[in-house]
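Please walk me through this fold, from the overall layout down to single contacts. Keep it brisk.

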Amino acid sequence: MSLYEKFGTNKQKEVDGVWLEYGQNADGTKIRFLVARAGGRNQQFEKVADFVYKPVRRRIKMEDIEPSELRVLTQQIFARAVVKDWSGVRDREGNELQFNEQNFLAVMGDLQDLWEDIKEFAETMSNYMVSSLEADAKN
C-alpha cells in the first residue's frame, strides 16, 4: 500500500464534512451530523480555534484552565467550524432543533458522550480518507 493510499484524504470532505449517523427517531427520521475535519485542510477550524483560544492561550499553556471551561471553548469552535449541519436532532420534549451554535452547545452540554464521539470522529483522519469514503459509497 502506497503512502497516498494510507494517508490520502478527500480535501473537499475535510472542509465540507461527511454525515455521521446516530440511528433514527421514533418516526423514522435519521439523526445525522455533518462533520468536517478538526484539523487537516479545514482552515476555518484553525482560524476559529486561534480566535477562540487566544484570550486563554496563556492559561492553557500553563495548564491553569478548568477542563469544563476548555470543553465549552472547544465546543464553540466545533459549532462554528466543524459541525456544519444536523438533521433529526430533537430536544428532550421531542421538538426538532434547528442547527445553530446555541442549540449545538445546549445539546453537547446535555449529552457529553455524544460530544466526545463527535469530537473523536472529527479528529480521526481515517474518517476522511479517500479509500474509506469510497468503501462507504459502495455500501
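Which element gives the most to the lining of the largest pocket? Helix 6 does, with four residues. Helices here are DSSP runs of H or I with at least four residues, strands are runs of E with at least two, and both are numbered from the N terminus.

This is a predicted model, in which local features need pLDDT of at least 70, side-chain atom pairs count only at pLDDT 80 or more, and totals for chains, interfaces and linings use all residues. Residues are numbered from 1 along each chain as its sequence is written, and side-chain values use heavy atoms, with hydrogens and water left out.

Start with the whole chain. The protein chain has eight helices and three strands. Along the sequence they run α-α-β-β-α-α-α-β-α-α-α. The C-alpha trace spans about 45 × 45 × 20 Å along its principal axes.

Now the pocket. The largest pocket has a volume of about 310 Å³. A pocket is an open set of points on a 1 Å grid over the protein atoms alone, where a 1.4 Å probe fits, with protein on both sides within 12 Å along at least five of seven lines; lining residues have an atom within 4 Å of a point. The volume is the space filled by probe spheres set on the points, which are joined across faces, edges and corners. The lining counts 16 residues, and Arg90, Asp91, Arg92, Val107 and Leu111 lie nearest the centre. Strand 2 (30–35) and helix 6 are the elements that give two or more residues to this lining. By class, the lining has nine nonpolar, three polar and four charged residues. Ala, Val, Leu, Ile, Met, Phe, Trp, Tyr, Cys and Pro count as nonpolar, Asp, Glu, Lys and Arg as charged, and the others, Gly among them, as polar.

Helix 6 also packs on a neighbour. The axes of helix 6 (residues 101–110) and helix 7 (residues 112–123) come within 5 Å and cross at roughly 110°. That makes helix 6 roughly perpendicular to helix 7 (65 to 115 degrees). Axes are lines fitted to C-alpha atoms over the stretch in contact, with angles from 0 to 180 degrees between N-to-C directions. Phe104, Val107, Met108, Gly109 and Asp110 of helix 6 meet Gln112, Leu114, Trp115 and Ile118 of helix 7, where contact means heavy atoms within 4.5 Å.

Helix 5 (residues 67–81) holds glutamine 76. Glutamine 76 touches Val52, Glu101 and Leu105, not counting residues up to four places away in sequence.

Technical notes: Angles under 35 degrees count as roughly parallel, over 145 as roughly antiparallel, 65 to 115 as roughly perpendicular and the rest as oblique.
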